Amino acid sequence: MIGVVPALNACEGEHLRGFTFLGAKGPGEDLFVSFHDLRLSAQRRAAHYAAAGLRRGDRVALVVPEGEHFIPAFLGALWGGLIPVPLYPPVSLGKLDAFMEALVGILNIARPRVLVTTERVGKVLWSAVGRIASIEKVITTEELAKHAGSFPAAADVRDDEIAFLQFTSGSTALPKGVMVTHGSLVANCRAIVREGLEADGAKDKAVSWLPLYHDMGLIGFVIAPVCYRISVVFIPTMSFIKNATLWMETIHKHRATLSFAPNFAYALVTKRAKPEQIARWDLSQMRVFGCGAEPINPGTMRAFLQAMAPAGLKPEALLPCYGMAEATLAISFVPLDEPLQTDRIDAERYHADHEAAPVSNGSAFLEVVSCGRTFVGHEVTVQDDDGRILPERHIGGICFRGPSLTAGYWENPEATQAAFRGGWLHTGDLGYKVGDRVFVSGRIKDILIVNGRNYHPQGIEWLVNEIPGVRKGSSVVFTRPGAASEEIVVAAEARADDAAALVSEEFQLAVSDVALVPPGTLPKTSSGKLQRRKTREQYLNGSIGRTSRLGSTRLAVAKHLALSLVGRARHEVRKLLGG
Amino acid sequence: MGESIDVVEMFKQAAFEVDNRRLPDLKPQTVITTLGMDSVAIMELVAWFEEKLGVRIPDEQLSKIRTVKDLRDTIARLLPDRQFAA
């Protein structure tokens, strides 16, 4: 078991395996970089960093959208013992101001000496760069690719040294940089590749469209594959977003065996794949379709398996997993060859007694996906508020410890102490164990307590998302102080007149207010996740839902609705007329 | 070089094909993120334009596109030989 830098150094002579970048040489023209060449290009970047005066421990911010440019720049920084800070590029439509604000916030905390970007992105970033006192120099990936002097030797990094900073997509006001160490990387990559996937670079091939500035894409599909020399085909994230079926198409074409994605991607590809495409694909060789990084909806998983069954996809290929940046990446994996397993628990006892009792006939139930078991040398427990370990099927905070634990948050001892106490990482997730299996049922911070009962907003939000007229994935449920107890508020983008009635019926839970907001206005994190706490703050301080804009917003929504009904009516009439 | 390109009309067509969404009131100054399409649908719409017109909008230019007119201007810069409706 060796570190990522020695592993990269050992890639000399590996000409057959490596990374393929879809379309990197032009439309339809892929770029293959062997691990041998990847090592050389990392060394070249390290030489440029050294020539720029960067020393061990200096931070290098990376805002580089293209994988073929990002990966050598990132590995080159590791090679030199620098601390790369991967950051997301400005690629979502019309969000430049919010992007700049978030970028400046992170850069002021990470204090990099150098910012690496591409010539094209650099033109967008220059105004932010001027606001960061620590940045001495902007280096483009084009410059990094040029001839460099003699290559420096690989830095002899210790296990407890920081490998890179992984900024988490929490609140943009107070971003936190997880300190991933060389030691935690080694431990987690070994756990994922050897134990979780039983992967073999001679047989396996991975496909990923995941962004490289997030842990799942960066560790799962760059660092772990370099350590174990597993070939990977990279689809540009934007190409996947524009055409989700490219994911399956690439797996089919490359006879890939491994891929991972969050829940939403499985929903998207299920929606977009046409029967004639599925009929053409062969997915029978796929060993692992990992699903993690956001709550796993069993309905989405079953729909995906059903849709892809004609392509020969084996149900046991689906592999739910659980993890987070604070644990480097992975905490638990469902064992290979185990099909999707869910636990149906009594909803009443869950909310009232905080127990996960198997449901008896006819009672209302919650369905929770098994996220498998943790790895050798690691431990998962469920603890109460006082740190006592709870017996199985009792709901509490999920805690994790072992060699994959990161060193906490960069220059943030308060947040570090809050999350890493008593030798355990307190994940902030709620769940329970059955035997060695981990079940994740919600977030502690987001829990709704109404009349002494606990509810998880996720389940209610999934329900609200099913209401016609609500934008999928654009509802947030939270509480406001009420006369006797907390009261439930639903904030949703677009029309949601029926939300109150539906939630009341399904959860026997009164909804006190439904705040309709214009599309695209609910606060989101850098990765596009809705921010429940921030939404609640905005609601409580009156900036959404209850301002004088409410009237005009409702009017606009009503008008929009009327117009779409007119459109629909016309459509129906045309259908009747056969035209 | 062919007939002029009406990005507003094309946008309406794209929104219908990609997201089953009718936008009769769409104007050049409409801010795209207020149309009720989620970010994935918006990117699918961008892809629709790219395919129809045979252009590739560089990713980093997307963040500057707020309105339909911004989209039209961006595409017009990429297709200097074509005529665009006002």
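**Contact and cores**

Modeller: The contact draws 30 residues from chain A and 24 residues from chain B, two residues being in contact if their C-beta atoms, placed from the backbone, lie within 7 Å. This is a predicted model, in which local features need pLDDT of at least 70, side-chain atom pairs count only at pLDDT 80 or more, and totals for chains, interfaces and linings use all residues. Residues are numbered from 1 along each chain as its sequence is written, while chains are lettered from A and ligands numbered from 1 in the order in which they are written.

Colleague: Which element gives the most to the side of chain A that touches chain B?

Modeller: Strand E24 (470–481) of chain A does, with four residues. Helices (H or I, at least four residues) and strands (E, at least two) are DSSP runs, numbered from the N terminus.

Colleague: How should I read a nonpolar core?

Modeller: In soluble globular proteins, nonpolar side chains tend to be buried together. A nonpolar core is a set of buried Ala, Val, Leu, Ile, Met, Phe, Trp, Tyr and Cys residues joined through C-beta atoms within 7 Å. A residue is buried if 20 or more other C-beta atoms lie within 10 Å of its own, exposed if 12 or fewer, and partly exposed in between. Here the largest core has 175 residues, and A:Leu62 is among those with the most contacts inside it. Helix H8 (residues 215–228) of chain A contributes the largest share, nine residues.

Colleague: How many residues are in the second, separate core?

Modeller: That core has 20 residues, including A:Ile460 and A:Ala515.

Colleague: Which residues of helix H11 (residues 263–272) of chain A are buried?

Modeller: They are A:Asn263, A:Ala265, A:Tyr266, A:Ala267 and A:Leu268. Among their packing partners is helix H2 (39–53) of chain B.
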